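Student: I have a model on screen and want to learn to read it. Where do we begin?
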Amino acid sequence: MRGSSGTPAVTAQDLELAYGTHTALCCADLTIPGGALTVLMGSNGSGKSTLMNAIAGLVDPVRGVLTVLGKPPPPEPGSVAYVLQATAADALLPVTVHEIVTMARFARRGFLGRLRSADRHAVDQALATMEIETVSQRRFSELSGGQRQRALVAQGLAQEADVLLLDEPMTGLDLVSRQRIIDVLRSEREAGRAVVMASHDLDDARLADHVLLLAGRVVAEGPPEDALAADRLREAYGHRYLDLDSATGIVDDHHQHGHGVPAARE
Ligand SMILES: Nc1ncnc2c1ncn2[C@@H]1O[C@H](COP(=O)(O)OP(=O)(O)OP(=O)(O)O)[C@@H](O)[C@H]1O
Ligand SMILES: [Mg+2]
């Protein structure tokens, strides 16, 4: 499988991403390894979703070089699965959970393709993994926030893509669902996939193999113990990182919208 361990799934050199005249990420050199869990950390507006958009081929680089699975975006159909930040997924309202998860298989087959038993199996498996079989015939719009989030993750899993992007998949989830997602992401990594997750939670980031700390640029990149060191977090979060004493720090983002307040321990 492409993107498997050892081979980088994504590389960037001097990458600049922008919306019109507004630069969202500048001068980024980075590598996202295959067969690994990479967490994107950074405050609101630091460029996490924008980087994922670019990897998915939804935002074109303004400058620099970006490769996904060895080639410039857009990636081949079905090779990159993107679990959107739940707030961005409201457009999917009128369809059922089963239909949403099944859509993932059309990413590979094309919308005129016929679904095969392998497709149905992948859909059933993803529904079971995220424990949403019992609500699979209900409309997405009728689900609770956490159930919606799980449906979107199930959609990402069902695609069986080489690169799995998840934008804050833990937001609003109960403890059991959070643990379930962590377990699933680990098994996806074991299957050789590059798993990339944006998160505001330092505990999530510490579970990663690789961390990218963003602040409109790459502040730090590497294993969590390096990339999440206090001085790097201070650089990324500025005055909102309060070093209370030598043992504890708090990242307090007043501009967060419902992500909770990540607490840091060193
Ligand atoms: N569609 C858009 N049009 C214009 N500017 C945008 C758009 N999306 C994001 N931006 C801007 O790009 C910058 C990076 O935004 P991005 O969504 O990548 O941040 P983020 O790190 O994902 O933040 P959050 O933690 O709030 O999800 C921000 O300054 C934001 O205002
Ligand atoms: Mg975002």
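Tutor: Start with a helix against a sheet. This is a predicted model. Helix H1 lies across S1, S2 and S4. H1 runs at about 115° to S1.

Student: Which order do the three strands of that open sheet have?

Tutor: Read across the sheet, strand by strand. The order here is S2-S1-S4, and the pairing is antiparallel.

Student: Which strands are the edge strands?

Tutor: An edge strand pairs on one side only; here these are S2 and S4, residues 63-68. From one strand to the next, the twist averages 20°.

Student: How many bridges join S1 to S2?

Tutor: Eight bridges link S1, residues 8-19, with S2, and the two run antiparallel. For one facing pair, find Pro8: it stands opposite Pro33 in S2.

Student: Now the ligand. Which elements give two or more residues to the shell around ligand 1?

Tutor: List the residues around the ligand, then look up their elements. Those around ligand 1 include Tyr19, His22, Asn44, Lys48, Thr50 and Gln85. Strand S2 (22-33) and helix H1 (48-55) each give two or more residues to the shell. H1 has the largest share, three residues.

Student: How do the shell residues divide into nonpolar, polar and charged?

Tutor: Sort them by residue type. The shell around ligand 1 has two nonpolar, nine polar and one charged.

Student: How many residues has the largest nonpolar core?

Tutor: A nonpolar core is a set of buried residues joined together. The largest one here has 74 residues. Val101, Ala154, Val163, Leu165 and Val196 have the most contacts inside it. Helix H4, residues 145-158, gives the most to this core: six residues.

Methods: Residues are numbered from 1 along each chain as its sequence is written. Chains are lettered from A and ligands numbered from 1 in the order in which they are written. This is a predicted model: local features need pLDDT of at least 70, side-chain atom pairs count only at pLDDT 80 or more; totals for chains, interfaces and linings use all residues. A nonpolar core is a set of buried Ala, Val, Leu, Ile, Met, Phe, Trp, Tyr and Cys residues joined through C-beta atoms within 7 Å. A residue is buried if 20 or more other C-beta atoms lie within 10 Å of its own, exposed if 12 or fewer, and partly exposed in between; C-beta atoms are placed from the backbone. Helices (H or I, at least four residues) and strands (E, at least two) are DSSP runs, numbered from the N terminus. A residue is near a molecule or strand if its C-beta atom, placed from the backbone, lies within 6 Å of it. Ala, Val, Leu, Ile, Met, Phe, Trp, Tyr, Cys and Pro count as nonpolar, Asp, Glu, Lys and Arg as charged, and the others, Gly among them, as polar. Two strands pair if DSSP finds at least two bridges between them. Axes are lines fitted to C-alpha atoms, for helices over the stretch in contact, and angles run from 0 to 180 degrees between N-to-C directions. Two residues are in contact if their C-beta atoms, placed from the backbone, lie within 7 Å.
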